[in-house]
Amino acid sequence: MKKILILGDSTVQWIRPYRIDGDYTYSEFLQKEYFVEIVSKPGMTSKDALSLFWNDLAGKFYDLIIISIGINDLTPRCYPRWLWKINNNILVCNSKIEKIINFFYRVFTYSKLQTLCCKLNISRPWISKNSFKKNILKLQEIILKESNSKIVFLSLPMVSERVKNILPGIENNVINYKTEFYSLLSERTNIIDIDKVFEENKEIYNPEGIHYSAVGHKKLFEELLNLIEMELK
């Protein structure tokens with residue numbers, strides 16, 4: 001059986017507005033057809049993906065590697081990354097220090113403050129466009145050098161009006177970062193343009209402009225299945 005790795009952020013496994021019984025992500029649909037290893041975590045950036053692949057996954061064999069990253073690189077942030085990392089591991093506050101950290105995180109991420117910081121041009125993307133380009137190029141280089149795997153990068157969809165209002169400027173970031181994927185096109189590297197996959201009805205398939213709906217996941221699965229059948233025949 002063909003072996004596939006799916007490497008990415010929360011878009012790999014989250015369903016919006018929420019998951020109900022019988023819903024599946026595109027990664028879970030693919031698991032019904034192939035041997036699929038899923039390596040994903042919320043907030044994964046291109047830097048995280050590069051480090052994770054080099055340290056833990058480069059020695060494994062995959063026929064195909066599907067990569068879904070980018071939105072966390074380009075999102076404007078008004079709080080330091082170390083605060084996000086600490087808070088992301090605090091699911092239940094069990095001490096005063098954890099309560100203080102959680103409080104400050106909530107203050108920093110309060111949408112009105114976030115919007116104000118973006119409008120004042122205080123916020124910056126977590127990963128600059130130049131660093132993002134270097135990271136994905138290096139990730140591709142390692143995969144192509146260390147294996148005969150084929151690669152599929154999922155491009156970035158345009159965000160919704162709600163996200164644009166909270167994070168002014170994110171729309172331009174998506175446009176600018178998205179173009180970097182196409183520099184990766186090669187004999188063993190394909191790009192799937194999410195906006196083209198969802199162009200029939202973006203609001204249904206991608207309601208918040210970041211995470212996909214259940215029908216969006218099914219639509220993307222069908223697109224991936226067609227590509228995989230051609231690449232791995």
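Q: Which helix does Ile 100 lie in?
A: Keeping in mind that this is a predicted model, Ile 100 lies in helix H5, which covers residues 96-109.

Q: And how exposed is Ile 100?
A: Ile 100 counts as partly exposed because its relative accessible area is 47%, and partly exposed is the range between under 20% for buried and over 50% for exposed.

Q: Which residues make a nonpolar surface patch with Ile 100?
A: The patch is made by Ile 100 together with Phe 103, Phe 104 and Val 107, and its area is about 380 Å².

Q: Switching to strand E3, how many of its residues are buried?
A: Five of the five residues in E3, which spans residues 64-68, are buried, so the strand is largely enclosed by the rest of the structure.

Q: Which way do they point?
A: Leu 64, Ile 66 and Ser 68 point one way from E3, while Ile 65 and Ile 67 point the other way. In a regular strand, side chains alternate between the two faces of the sheet.

Q: What does E3 pair with?
A: Strand E1 (residues 3-8) runs parallel to E3 and is joined to it by five bridges, with Leu 5 having Ile 65 as its bridge partner. E3 also pairs in the parallel sense with strand E6 (residues 150-154) over four bridges, where Ile 65 stands opposite Ile 151.

Q: What about the largest pocket, how much space is in there?
A: About 740 Å³ lies in the largest pocket, and of the 26 residues that line it, Thr 75, Arg 77, Tyr 79, Ile 210 and His 211 are the closest to its centre.

Q: Which helix gives the most to that lining?
A: That is H8, with three residues.

Notes:
Residues numbered from 1 in each chain as written. Predicted model: local features only at pLDDT ≥ 70, side-chain atom pairs only at ≥ 80, totals over all residues. Heavy atoms only, no water. Patch = residues over 30% accessible without salt bridge, like charges linked within 9 Å, V, L, I, M, F, W, Y side chains within 5 Å. Areas by Shrake-Rupley, 256 points an atom, 1.4 Å probe, with all protein chains shown as cover. Salt bridge = Lys/Arg side-chain N within 4 Å of Asp/Glu carboxyl O. Helix = DSSP H or I, 4+ residues; strand = E, 2+ residues; numbered from the N terminus. Buried < 20%, exposed > 50% of the residue type's maximum accessible area, 1.4 Å probe, protein only. Pairing = 2+ DSSP bridges. 1 Å grid on protein atoms, 1.4 Å probe; cavity = no way out; pocket = protein on both sides within 12 Å on 5 of 7 lines; lining within 4 Å. Points joined across faces, edges and corners; volume = space filled by probe spheres on them.
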